[in-house]
Amino acid sequence: MINIFITNDENKLSEISHAQKGCWIEVTDPTDEEAALLVENYKINRSFLKAALDDQETAHLEQSEDQTLIMIDCCISSDREKNNIPQYETAPISLILFDSFFMTITRKGAQFLNALKENEEEPIDTRDPVSFFLILMKQISEKFQEELRTISSYCDEITDHLFKKMKNEGLMQMMKLDKSLIFFSSSLQANQNLLEKIQETRPFELSDPNEKLLDENLVEYRQASKMCNLYISVNERISDGCSNILSNSMNIVVERLTIITIVFSIPAIIFGFYGMNVKSLNLQHAWLPIFLALGGSILCWIIFYRKRR
């Protein structure tokens, strides 16, 4: 789907039918026909279009003679939700700067662009694509931090359940959250590297407000990246601790079973001697083998009990 917007004289976003100077062309999950139309009408760089349609692309910046491609990583909630644990993934949003207008291309990140269009408190100006890009980056960083806090609350809840009753299901839930955190960490670091590259190389002119917004974004992404890495480290320690507890519990169970096996083997040995008609055994008193079996088992149990203490 292709939509074209422009900021009018009243500083509001309005939709237009044809591209003109200072407009924003929004491309959402384009079909093959729409992709061919983009190449034909707007002379978009084919390599840029291919990268924009690749869901595995990470945040980076590329430049050609008259176009600049900016790839941004964003976080989205997956439709899959197993065991009440949210599933997250990351997806790219592409921003292509032309001489007189700019274009966004995305398959899964349309919610962020829709939020920008609906934001009346901080309206976007299509005549300033750099400001648009920085506002979008700010919104994405806020979403990352919001989802990180959500993941942290789920981790705390799962940890409480694990401390009360250790189950493999809880460990599997922690592993799923760890997977989301690793995706987040990679995307946050890629976005941070993108902003740092823009700050160092200056691929386009930055006004004073945009310069300030760039610095704010860098601070936000660095904080989000540190927060994500901290959560990953905490979850790893919790998972390792739970694994050690499960292993220790298994050792205790095996030890108890071994003691029970040894204790109950003593009566079997004694009755086995009598059952095989071994000579020189006192067969006149039937209570003697029973007494020997019980006495040997009790003595063995006392020995093991004292060693454990």
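**Entry 1. Salt bridges**

I counted the salt bridges in this predicted model, and the total came to six. One of them joins Arg 107 and Asp 29, whose closest N and O atoms lie 2.8 Å apart. I noted that this pair links distant parts of the chain, 78 residues apart. Arg 107 sits in the loop between β7 and α3 (110-118), and Asp 29 in the loop between β3 and α1 (32-42). I then looked up the accessibility of both partners. Arg 107 is partly exposed at a relative accessible area of 31%, and Asp 29 is also partly exposed, at 42%.

I recorded two further salt bridges. Asp 125 pairs with Arg 127, with 2.9 Å between the closest N and O atoms. Asp 125 counts as partly exposed, its relative accessibility being 25%. Glu 211 pairs with Arg 202, and here the closest N and O atoms are 2.6 Å apart. Arg 202 is partly exposed as well, with 39% relative accessibility.

I turned to strand β3, residues 23-28, and asked how many of its residues are buried. The result was six of six. I checked the two faces separately. On one side Cys 23, Ile 25 and Val 27 are buried, and on the other Trp 24, Glu 26 and Thr 28 are buried, so that both faces are covered. In general, the side chains of a regular strand alternate between the two faces of the sheet.

Which strands pair with β3, and in which sense? I found strand β1 (residues 2-7) paired with β3 in the antiparallel sense over five bridges. Within that pairing, Ile 4 has Ile 25 of β3 as its bridge partner. Strand β7 (residues 102-106) pairs with β3 in the parallel sense, again over five bridges. There I noted Glu 26 opposite Thr 104 of β7.

**Entry 2. Phe 5**

I examined Phe 5, which belongs to strand β1. Is Phe 5 buried or exposed? I assigned Phe 5 as buried because its relative accessibility is 9%, and the cut-off for buried is under 20%. Leaving aside neighbours within four places in sequence, I listed its contacts as Leu 13, Ser 14, Glu 15, Cys 23, Trp 24, Glu 26, Lys 117 and Thr 126. Cys 23, Trp 24 and Glu 26 in that list are residues of β3. I also looked up the separation of the C-alpha atoms of Phe 5 and Ile 16, which is 5.7 Å for residues eleven places apart along the chain.

**Entry 3. Ser 131**

I located Ser 131 in helix α4, residues 129-164. Ser 131 is buried, with a relative accessible area of 15%. Not counting residues up to four places away in sequence, Ser 131 touches Asn 210 and Leu 213.

**Entry 4. A nonpolar surface patch**

I noted a nonpolar surface patch of about 520 Å², made by Val 253, Leu 257, Ile 260, Phe 264 and Trp 301. Helix α6 (residues 208-275) supplies the largest share, four residues. Trp 301 lies in helix α7 and is partly exposed, at 47% relative accessibility.

**Entry 5. Confidence**

The mean pLDDT of the chain is 81, and 89% of its residues reach 70 or more. Confidence is highest in β7, at a mean of 89, and lowest in helix α7 (residues 287-308), at 71. Where pLDDT is low, the predicted coordinates should not be read in detail.

Note on methods
Residues are numbered from 1 along each chain as its sequence is written. This is a predicted model: local features need pLDDT of at least 70, side-chain atom pairs count only at pLDDT 80 or more; totals for chains, interfaces and linings use all residues. Side-chain values use heavy atoms; hydrogens and water are left out. Buried means under 20% relative accessible area, exposed over 50%, partly exposed in between (1.4 Å probe, protein chains only). Helices (H or I, at least four residues) and strands (E, at least two) are DSSP runs, numbered from the N terminus. Two strands pair if DSSP finds at least two bridges between them. Contact means heavy atoms within 4.5 Å. pLDDT is the predictor's confidence in each residue, from 0 to 100. Patches are made of residues with over 30% relative accessible area and no salt bridge: like charges are joined within 9 Å, nonpolar side chains (Val, Leu, Ile, Met, Phe, Trp, Tyr) within 5 Å. Accessible areas come from the Shrake-Rupley method with a 1.4 Å probe; for residues, only the protein chains shown count as cover. A salt bridge is a side-chain nitrogen of Lys or Arg within 4 Å of a carboxyl oxygen of Asp or Glu.
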